[in-house]
Amino acid sequence: MSYRGEGGGGRGGGRGGGRGGGGRGEYYKNKYGRGGGRGGAGRGKSNQGDDNDSGGRFSSAGNNGGTYDSLISLLQSIDNRPYPGYHDIESSQRGWVNERYGYTLFVGRAQSDPFARPTRCRIVVPASVAQFPPVAYQNKIRAVALADFINRAFYEQCKSLGADQSAGGGGGGGGGWSGPKGGDVQIVGPNQHVLEHSAVTVRPTDGSIVAQFTVSLPARGRTILGQQAIHIFDSVVTKLVQNSLVYSALDSSKLQHHVLSVEDQDWLRKELSSKDLIAFVPNDAILPRASGADDRPMADQTDAKVIRFQSPPSLEVEFTLPNLKKSVRGMGIRKGVTLICGGGFHGKSTLLSAIQVGVYNKIPGDGREFCVCNDKSVKIRAEDGRAVHSVDISPFITNLPFGKGTHCFTTADASGSTSQASNIVEAIEVGAEALIVDEDTCATNFMIRDDKMMELVAKDKEPITPFVRKVRSLYEEKGISSILVIGGCGDYFDVADRVVMMDSYACLDVTDRAKEIAANASSSQTRIRHESSETIPFGSIAKRYPVGPAYRTNGKVSVRSKTVVSHGETELDLSGLEQIVSLAQTNAITSVIQKLSKTGSGDVSLLGVMNSMESLLDKDGLDSLDPGNFNGALARPRTFEMAGAINRLRANGCMSQNP
């Protein structure tokens with residue numbers, strides 16, 4: 001996510017060129033004066049250049065710094081000066097050291113005006129001050145869980161102190177042109193999932209705590225409100241540190257439970273394969289959510305209680321959690337082909353939705369803790385209109401009209417069936433081990449083609465091989481399991497290993513009855529031969545090679561929502577990637593694409609590129625996606641969502657089947 005790039009009269013071809021003449025920044029400099037910038041009044045001269053030159057905006061912040069008293073004095077000296085004077089507090093490497101409270105503040109590139117994106121800041125609290133017990137971050141998953149707990153504490157402190165409210169009463173630009181504005185402190189808000197975030201991290205080498213947040217530097221018009229800035233940095237920020245970044249300020253029992261619960265969920269997910277499972281849903285789980293816009297668990301009402309999940313006895317398995325020292329029992333979904341059937345509104349999709357986000361750990365109290373699935377499970381759906389680049393969809397689609405080939409299929413406007421075929425092949429290409437499918441979001445002609453239709457339309461006139469004929473061979477040949485919600489086609493009974501039915505949110509094992517129905521249908525004397533579900537070989541998957549320069553854009557890259565990215569003049573639609581659960585993941589995905597545009601050589605496969613990216617994130621963390629910029633708005637996406645975004649970007653010549 002780019003925080004750079006307000007419009008202007010041109011950047012001179014790059015960061016070094018700056019805004020150039022005639023831009024908005026130049027207009028304001030002429031109107032309000034040029035003093036107080038990087039070199040104003042002899043203060044804060046930066047080795048990055050002078051903000052008074054045409055090279056106005058630089059890729060990195062200034063490197064002032066010193067004691068916290070020096071910061072306060074500096075803010076006093078720039079009070080009532082033009083807004084560019086805030087550049088003097090930038091401290092990208094040295095930092096402002098608060099010896100009294102034991103932390104160091106780093107200030108990134110100061111925002112260009114009160115209406116611009118807020119200024120990014122970083123605080124580092126050494127382990128000797130934070131004093132979190134080493135056992136709480138002794139491995140990667142515990143460190144992530146601890147950071148998540150601290151992030152939630154920091155976020156709640158921002159709210160309770162009113163630090164997240166601007167002087168104008170509604171966002172960083174409130175208060176009109178001449179009124180007060182800014183002053184709010186913001187950190188990325190958490191959700192029900194425990195993700196690896198850049199907002200708060202725990203350094204495993206020394207146990208220090210790093211928090212990255214934004215401050216909307218206060219102003220009246222374009223005049224610095226130095227006293228308000230002093231209040232923010234000297235009072236508000238210090239309280240946030242004392243109340244959320246220090247172990248003694250937090251509830252130690254809740255912190256311990258949070259960390260151990262997350263680690264147990266991670267352990268349980270890794271244990272699935274030991275019991276030949278791909279998913280597990282615990283008894284007493286609360287699967288329904290409060291609403292479509294609220295991911296918290298549905299609460300009991302006075303006249304009705306939430307129905308908690310209970311496993312069919314025949315599918316029940318048990319695990320003993322190593323940290324919490326308790327047993328959890330629930331439904332184990334074995335590898336192979338599993339159907340979830342039942343009438344409408346009886347809970348099929350609710351169960352599937354809980355399973356598909358089982359790739360992530362949850363906070364205690366979510367209701368879906370310990371509802372886990374194989375971490376290489378991918379939700380599949382149809383996406384009419386998506387772009388497809390050089391995908392071999394021949395396992396599902398061949399013999400298109402007018403001789404159009406499908407071994408290297410490219411289109412800017414995929415149909416429901418070609419998009420779903422592409423989604424499956426792309427997921428397999430980067431290592432999927434299980435597919436999660438809900439018929440409500442699928443192309444009907446891709447999922448089934450019954451005997452009567454096969455009788456009417458000759459095989460050589462139908463290019464689509466439906467999924468029902470491939471799902472079995474997909475598992476037997478490639479070891480890829482499938483969990484499907486199927487409510488309208490009994491042909492899937494023929495190929496399923498097990499069938500569960502949701503009946504008023506009660507889960508029943510109806511495998512024997514489904515197999516009996518399938519056997520009776522196959523043996524009945526009908527004029528039409530039953531072959532709509534006969535399994536045929538799956539086919540091969542072709543490697544593809546991303547061509548980095550094709551992903552470059554001369555325009556701005558910005559994240560508009562969790563599912564929409566503006567990539568230059570192109571809109572990237574990620575709504576088909578249903579396992580993106582955070583806007584911060586989307587921010588990280590855009591950074592991955594930008595990094596690919598600079599490094600992709602076209603001779604490394606997409607899987608190889610993804611493996612390299614995972615290694616980079618494992619080694620250097622999320623800051624490696626936006627180095628030196630104190631970006632606290634990133635969360636780690638999975639390989640499948642990173643690759644999915646790359647696959648969907650409308651860029652000519654971006655993929656090749658030949659290195």
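1. Contacts first: among those in the chain with a separation of 6 or more, 72% come from residues 24 or more positions apart, where contact means heavy atoms within 4.5 Å. Keep in mind that this is a predicted model, in which local features need pLDDT of at least 70 and side-chain atom pairs count only at pLDDT 80 or more, while totals for chains, interfaces and linings use all residues. Numbering runs from 1 along each chain as its sequence is written, and side-chain values use heavy atoms, with hydrogens and water left out.

2. On secondary structure, I see 15 helices and 31 strands in the chain; these are DSSP runs (helices H or I, at least four residues; strands E, at least two), numbered from the N terminus.

3. As for burial, 56% of the chain's 659 residues are buried (under 20% relative accessible area, 1.4 Å probe, protein chains only). The chain exposes about 27,000 Å², with 48% of that from carbon and sulfur atoms (Shrake-Rupley, 1.4 Å probe).

4. Take Leu484: beyond its neighbours within four places in sequence, its contacts include Val337, Ile340, Met447, Phe467 and Tyr492.

5. Last, cysteines. The whole structure has zero disulfides (cysteine sulfur pairs within 2.5 Å). For Cys371, the nearest cysteine sulfur is that of Cys373, 7.6 Å away. Cys371 is buried at 1% relative accessible area, and Cys654 is buried at 1% too.

Technical notes. Buried means under 20% relative accessible area, exposed over 50%, partly exposed in between (1.4 Å probe, protein chains only).
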